[in-house]
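I open this notebook to record what I looked up in the structure, entry by entry. The sequence and the model come before the notes.

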Amino acid sequence: MVSRVRVWLNRTYAENVFFMDQLRRNPSDRAVEIHATHGDPDSPVLAAADTAELEPENLSPAGYVEYALDQCARRGIDVFVPRLHQSAIVAHRAEFEAAGTAVLAPPPEAVAVFHDKVIAYEAVQAIGVPVPPWYRVRSEDELVAAVEELEAGGHKACFKPASGAGGVGFRVITRTPFSLMQLSGFPSPYVPLDLVLEALRQAEEPVDWLVMPRLEQPEVSVDCLTGPDNRVRLAVGRTKNGRRRGFTLHEQWLDPARHIAESFGLHYLSNIQFRMFGDRPVLMDVNTRPAGGLHQLSLCGVNAPWAAVQLALGEDPGEVVPPFLGQDYTVVSGLRPLRPVSLPQQRPETTDPLPAVPAPPSAEPADSVGSAAQALPL
């Protein structure tokens, strides 16, 4: 009899409720039990898990590794999918393996390269993958010089943190003075240069930004599955152009993504993003973790989360080829159940985690949240 697989996702994105759904609906018909931890008691991933636990707050990276090792030992975790403190966790991979847990993440060298976007751009450029012009900025004068040089070339300047995930901190610089126009409608990523410079003058600590031209659509996120042998098993591009989403297998996107994944050993699941700079694709970002939109590959008949778990368990799924490409689609919010009781007001002031509890039945949810995105055809 084949044993069940116990998978742990720590403090992950709400969209990964779909990652969990796919693990349970795996084509091998293997029993999967999912443990989830989070700092937010109302995270939908806690409700979607078989067992759930609140994480202790304010742990150092080293302290979090000790907490994670204890979780794996107590919960009998077979595969750990870390997001929070990924760098610290992969540095202790041998200790997790000794506890019987496979860590579904790249080796520490690969994680370190792509933690800092400047180091990442330099490393990727060195292997021949095109990157956009970029400037590392830590001061007011450096920002002005970078913006003026980009604008002189006919580009619109934008900036984002040199380290960070997703679109957090991304802003587009404008010369338009602040006015009521910025206060009408929805919040905009555009910020007047004079306000940014004033904020830098008043800042107590230097910033660490990457300034670059604003890149054009389409945006293509290539989801890759790479084995510990550095060979890519799966590469599918998800396209984004405004509201419209779709899929591509065009080599102008897939070839550089495979090259990056194989050259740097981005084992298991990674997400490599490109946009257009003029008439050619250039690298935008590399994520050493599963993308929040990875589940959308199910529209192409692919279960990437399960193929990754198989690889982590030493069961090579071989080359994973989409049997078809799904039709264009859009993403809308959907409802997901929450645990019956919201905990923050009732939780005592302590750093001890609450005991693990089974997730509530989803047939009659006591509450729901629209934070998880579902794909619908256009």
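**Entry 1: His85**

I began with His85, which is partly exposed at a relative accessible area of 24%. For this and later entries I note that buried means under 20% relative accessible area, exposed over 50%, and partly exposed in between, with a 1.4 Å probe and protein chains only. I located His85 in the loop between β4 (79-81) and α4 (86-90). Helices (H or I, at least four residues) and strands (E, at least two) are DSSP runs, numbered from the N terminus. The phi of His85 is near 55 degrees, a positive value in a residue other than glycine.

**Basis of the entries**

The model is predicted, so local features need pLDDT of at least 70 and side-chain atom pairs count only at pLDDT 80 or more, while totals for chains, interfaces and linings use all residues. Residues are numbered from 1 along each chain as its sequence is written, and side-chain values use heavy atoms, with hydrogens and water left out.

**Entry 2: other backbone details**

I then looked up Tyr268, which is not a glycine but has a positive phi of about 70 degrees. Tyr268 lies in strand β14 (residues 268-277). Is Tyr268 buried or exposed? Tyr268 is buried, with a relative accessible area of 9%.

I also noted a cis peptide bond between Gln217 and Pro218, with omega about 10 degrees. Pro218 belongs to strand β11 (residues 216-226).

**Entry 3: helix α1**

In helix α1 (residues 17-24), I found that seven of the eight residues are buried, and the helix is mostly covered. The buried residues of α1 are Val17, Phe18, Phe19, Met20, Asp21, Gln22 and Leu23.

**Entry 4: helices α6 and α7**

Two packed helices are described by the angle between their axes and the distance between the axes. I looked up both values for helix α6 (residues 108-115) and helix α7 (residues 117-126): the angle is about 110 degrees, and the axes are 5 Å apart. That makes α6 roughly perpendicular to α7, a term for angles of 65 to 115 degrees. Axes are lines fitted to C-alpha atoms, for helices over the stretch in contact, and angles run from 0 to 180 degrees between N-to-C directions.

Which residues of α6 and α7 meet? Val113, Phe114 and His115 in α6 meet Lys117, Ile119, Ala120, Ala123 and Val124 in α7. Contact here means heavy atoms within 4.5 Å. By class, the contact of α6 with α7 has six nonpolar, one polar and one charged residues. In this classification Ala, Val, Leu, Ile, Met, Phe, Trp, Tyr, Cys and Pro count as nonpolar, Asp, Glu, Lys and Arg as charged, and the others, Gly among them, as polar.

Ala112 also lies in helix α6 and is partly exposed at 46% relative accessibility. From C-alpha to C-alpha, Ala112 and Pro41 are 30 Å apart in space, and they are 71 residues apart in sequence.

**Entry 5: helix α8 and what follows**

Helix α8 (residues 140-152) has 13 residues and reaches 18 Å from its first C-alpha to its last, close to the 18 Å expected at 1.5 Å a residue. The expected span is 1.5 Å times one less than the number of residues. I listed the buried residues of α8 as Leu143, Ala146, Val147 and Leu150. Seen down the axis of α8, these residues fall within an arc of 95 degrees, so they line one face of the helix; the arc is that of the directions from the helix axis to the C-beta atoms. On the other side of α8, Asp141, Glu149 and Ala152 are exposed. The cover over the buried residues of α8 includes β6 (135-137), β7 (157-161), β8 (171-174), α9 (193-202) and β10 (209-213).

After α8 comes Gly154, with a positive phi near 85 degrees. I placed His155 in the loop between α8 and β7; His155 is partly exposed at 30% relative accessibility. Leaving aside neighbours within four places in sequence, His155 is in contact with Leu150, Pro213 and Phe277. His155 and Pro213 are 58 residues apart in sequence and 5.6 Å apart in space, C-alpha to C-alpha.

**Entry 6: Cys300**

Cys300 lies in the loop between β15 (280-287) and α11 (304-312) and is buried, with a relative accessible area of 0%.

Notes:
Parallel < 35°, antiparallel > 145°, perpendicular 65-115°, else oblique.
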